[in-house]
Amino acid sequence: MKLIFSTFSGVLLGYLFVISFPAVSLTNFDLPSYVISYIEDRSAVITTQTMWNHALTSANSLKESSDPKYDEIPKIYVSTNPKGAERLPPGIVVPETDLYPRKSWGEHSEDLTSQPRYLVTFTVGIAQKANIDAAVKKVSDNFTIMLFHYDGRTTEWDEFEWSRRAIHVSAGKQTKWWFAKRFLHPDVVSSYEYIFIWDEDLGVEHFNAEAYIELVRKHGLEISQPGLESDKEPTWRMTKRQSDQEVHKETEERPGWCTDPHLPPCVGFVEIMATVFSRNAWRCVWYMIQNDLVHGWGMDLALRRCVEPAHEKIGVVDAQWVVHQAIPSLGNQGEAVNGRAPWKGVNARCNLEWRLFRTRLADAEKAYYLEKGITPPNSTR
């Protein structure tokens with residue numbers, strides 16, 4: 001009994017002593033700093049582990065105490081989300097993007113000092129540097145400038161102030177439509193009302209981009225190009241500038257060139273040299289560009305499929321015109337094979353792609369009509 005009484009008394013006195021003693025910090029003791037640091041670090045680890053264990057325990061308790069169908073809570077699946085994003089809540093889905101450069105520091109609200117409304121792209125080589133500089137100076141700050149470099153030389157353009165704010169994309173020996181298919185997806189350029197996709201050999205002395213867009217809006221054009229002036233007769237009469245009007249939408253071609261006066265190239269036609277697309281028209285045209293047909297030959301005759309009615313919404317702007325300099329820069333990007341000049345190989349590929357595109361389009365049309373049980377219409381109508 002004495003032993004039991006003594007033990008109980010000691011425990012009780014010790015407890016009373018502890019609760020009456022004031023809180024003491026470790027730093028009040030003269031311990032080495034590395035000891036204190038170790039104790040504090042261990043304390044942080046123990047605290048984090050304790051919180052994590054508590055969270056797991058709470059979750060397990062909730063699971064055990066809740067409805068047995070806890071594991072059957074519906075998962076997110078939104079069929080109207082873009083393909084591949086069905087498992088995301090709609091509020092976090094961002095289906096479109098833009099080409100506006102942003103900062104990697106500071107407040108997000110300070111990123112954009114301006115948001116251009118139009119995009120102009122040029123597919124370029126360094127030899128046409130002066131030409132492109134003149135063209136860029138014909139566009140306003142309302143334009144994002146994008147250069148597609150087919151010769152891999154980009155730093156040489158830094159001498160121009162505008163080049164430092166332009167977007168440069170480089171891929172050796174590639175064509176305009178190769179770049180467009182890969183870098184101008186409609187969801188990437190959706191912030192732009194009009195997209196200019198131009199060659200590098202255009203003289204722009206008589207051209208003003210803002211005035212051009214005003215005429216495009218005035219005449220309701222979804223696909224357009226400036227009128228062409230050249231020392232030579234143009235390939236297509238539709239593209240030749242008519243000096244007595246602002247815009248023209250039809251022409252009279254050479255005998256036999258138009259199977260129907262209401263079809264291209266007599267109407268609903270522009271060339272792919274200096275084309276301008278509205279946002280909506282480009283969304284359609286982009287899907288028509290074939291991955292492997294990089295020159296775009298034949299596509300200009302099919303552009304009418306992307307706007308309705310084509311004879312009203314496709315046209316040539318005569319009041320704002322350019323000069324086609326016909327510099328064979330792209331031809332020089334080919335390779336000489338069996339003694340054949342590089343440009344001949346490029347030209348042969350262009351003609352081959354024209355035939356392939358025409359065949360693919362015709363086959364796709366036929367397949368569609370057959371699937372729908374409809375007799376394909378006459379190809380000339």
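**Note on the predicted model: cavities, pocket, disulfides and backbone**

1. The largest cavity holds about 50 Å³ of space. A cavity is taken here, on a 1 Å grid over the protein atoms alone, as a set of points where a 1.4 Å probe fits but cannot get out, whereas a pocket is an open set with protein on both sides within 12 Å along at least five of seven lines; lining residues have an atom within 4 Å of a point. Grid points are joined across faces, edges and corners, and a volume is the space filled by probe spheres set on the points. By this rule there are three cavities of 30 Å³ or more.

2. On the basis of the work, this is a predicted model in which local features need pLDDT of at least 70 and side-chain atom pairs count only at pLDDT 80 or more, while totals for chains, interfaces and linings use all residues. Residues are numbered from 1 along each chain as its sequence is written, and side-chain values use heavy atoms, with hydrogens and water left out.

3. The lining of the largest cavity consists of Met-288, Ile-289, Gln-290, Leu-293, Gly-296, Trp-297, Met-299 and Phe-357. Six of these residues are nonpolar, two are polar and none is charged. In this classification Ala, Val, Leu, Ile, Met, Phe, Trp, Tyr, Cys and Pro count as nonpolar, Asp, Glu, Lys and Arg as charged, and the others, Gly among them, as polar.

4. The largest pocket has a volume of about 1,200 Å³. Its lining comprises 39 residues, and Asp-199, Asp-201, Met-273, Trp-297 and His-324 lie nearest the centre. Trp-297 also belongs to the lining of the largest cavity. Helices α4 (176-183) and α8 (342-371) each supply at least two lining residues, and α8 gives the most, with five.

5. As to the overall fold, the chain has eight helices and nine strands. Helices (H or I, at least four residues) and strands (E, at least two) are DSSP runs, numbered from the N terminus. Of the 381 residues, 36% are buried, where buried means under 20% relative accessible area, exposed over 50%, and partly exposed in between (1.4 Å probe, protein chains only). Among contacts (heavy atoms within 4.5 Å) with a separation of 6 or more, 70% are between residues 24 or more positions apart. The chain exposes about 23,600 Å², of which carbon and sulfur atoms supply 55%; accessible areas come from the Shrake-Rupley method with a 1.4 Å probe, and for residues only the protein chains shown count as cover.

6. The structure holds two disulfides, a disulfide being a pair of cysteine sulfur atoms within 2.5 Å. Counting bonded cysteines along the chain, the pattern is 1-2, 3-4. In the pair Cys-258 and Cys-266, the sulfur atoms are 2.0 Å apart. The torsion about this S-S bond is about 110 degrees, so the disulfide is right-handed. Cys-258 is buried at 18% relative accessible area, and Cys-266 is buried at 6%.

7. The other disulfide joins Cys-284 to Cys-306, with an S to S distance of 2.0 Å. Its torsion of about -70 degrees makes the disulfide left-handed. The pair links distant parts of the chain, with Cys-284 in helix α6 (residues 279-288) and Cys-306 in the loop between α6 and α7 (310-313), 22 residues apart. Cys-284 is partly exposed at 30% relative accessibility, whereas Cys-306 is buried at 14%.

8. Ser-190 lies in the loop between α4 and β4 (194-198) and is buried, with a relative accessible area of 12%. Leaving aside residues up to four places away in sequence, Ser-190 touches Glu-96, Thr-97, Arg-279 and Arg-283. The C-alpha atoms of Ser-190 and Arg-279 are separated by 6.5 Å, although the two residues are 89 apart along the chain.

9. Pro-265 is in the loop between β7 (247-248) and β8 (274-278), and Pro-309 is in the loop between α6 and α7.

10. Positive phi values occur at Lys-173, near 60 degrees, and at Ala-326, about 55 degrees. Lys-173 is placed in the loop between β3 (167-170) and α4, and Ala-326 in the loop between β9 (314-324) and α8. Lys-173 is partly exposed, at 46% relative accessible area; Ala-326 is partly exposed, at 46% relative accessibility.
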